[in-house]
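I opened my notebook beside this model and went through it one topic at a time. Here are my entries, for anyone who likes to follow along.

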Amino acid sequence: MSLEGPKAAGPIPEWPSDWMRAVLGVFTLRALEQGASYGYAIIAELEANGLGTVKGGTLYPLLSRYESVGFVSVEWRPGDGGPGRKYFSLTKRGQIELDRTRSDWLRFATIGSDFLNAARTAETDTP
């Protein structure tokens, strides 16, 4: 999992909280797709990709729910000279859920973008 700098141009936006609530699940599963990670690294990954700042108090309950339904597995790893960390890994069931929600989201986003752009075109076509 990469903790490299932001990939999005400009300052990290603060997205409306209802938008983030709607997509945080699929974004979190996506953040785990490359391998096991821990809460802070997941938050940093989302932020580095321009998705804004997610608070631990929002992420950890989601991860707990995902553990209870079998989307993620949890492993405690001891730290190097410091406290240990709880690592989350995507399970097969989690990968299936990610594939499903990613497909649905991309279809929804395309339809929504087409709708929004069509409205803009209609405005500019009005004499």
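**Entry 1: Overall layout**

I counted 4 helices and 3 strands in the protein chain; helices (H or I, at least four residues) and strands (E, at least two) are DSSP runs, numbered from the N terminus. Reading from the N terminus, I noted the order α-β-α-α-β-β-α. This is a predicted model, where local features need pLDDT of at least 70 and side-chain atom pairs count only at pLDDT 80 or more, while totals for chains, interfaces and linings use all residues. Residues are numbered from 1 along each chain as its sequence is written, and side-chain values use heavy atoms, with hydrogens and water left out.

I looked up burial next: 28% of the 127 residues of the protein chain count as buried. Buried means under 20% relative accessible area, exposed means over 50%, and partly exposed lies in between (1.4 Å probe, protein chains only). The accessible surface of the protein chain is about 8,500 Å², and 57% of that belongs to carbon and sulfur atoms. These areas come from the Shrake-Rupley method with a 1.4 Å probe, and for residues only the protein chains shown count as cover. I also checked contacts (heavy atoms within 4.5 Å). Among those in the protein chain with a separation of 6 or more, 60% join residues 24 or more positions apart.

**Entry 2: The strands**

I followed the pairing around β3; two strands pair if DSSP finds at least two bridges between them. Strand β1 (residues 37-38) runs antiparallel to β3, and 2 bridges join them. There I found Y38 opposite Y87 of β3. Strand β2 (residues 72-77) also pairs with β3 in the antiparallel sense, over 6 bridges. Here S73 has S89 in β3 as its bridge partner.

Which residues does K86 touch, not counting those up to four places away in sequence? I listed S37, Y38, G39, V74, E75 and W76. K86 lies in strand β3, and it counts as partly exposed because its relative accessibility is 39%. I also looked up A36: its C-alpha atom is 9.7 Å from that of K86, although the two residues are 50 apart along the chain.

**Entry 3: The core**

The largest one here has 21 residues, and L29, L32, I42, L46 and L59 touch the most other members. At least two residues of this core come from each of α1 (17-31), α2 (39-48), α3 (56-68) and β3 (85-90). Helix α1 gives the largest share, 7 residues.

I then took a look at L59. Leaving out residues up to four places away in sequence, L59 touches T28, G39, I42, I43 and V54.

**Entry 4: Salt bridges**

How many salt bridges does the structure hold? I found 7, where a salt bridge is a side-chain nitrogen of Lys or Arg within 4 Å of a carboxyl oxygen of Asp or Glu. One of them joins the side chains of R30 and E33, at 3.7 Å from N to O. R30 is partly exposed, with a relative accessible area of 36%, and E33 is partly exposed too, at 26%. Both belong to a network of salt bridges that links R30, E33, D99 and R102.

Then I moved to D104. Its salt bridge with R100 has the closest N and O atoms 3.2 Å apart. D104 and R107 lie 3 residues apart in helix α4, about one turn of the helix. I noted R100 as partly exposed at 44% relative accessibility, and D104 as partly exposed at 31% relative accessible area.

**Entry 5: A nonpolar patch**

Last, I checked the surface and found a nonpolar patch formed by W105, L106 and F108, with about 340 Å² of accessible area together. Patches are made of residues with over 30% relative accessible area and no salt bridge: like charges are joined within 9 Å, nonpolar side chains (Val, Leu, Ile, Met, Phe, Trp, Tyr) within 5 Å. F108 sits in helix α4 (residues 92-125), and it counts as exposed because its relative accessibility is 57%.

How values were computed. Core = buried A, V, L, I, M, F, W, Y, C linked by side-chain atoms within 4.5 Å.
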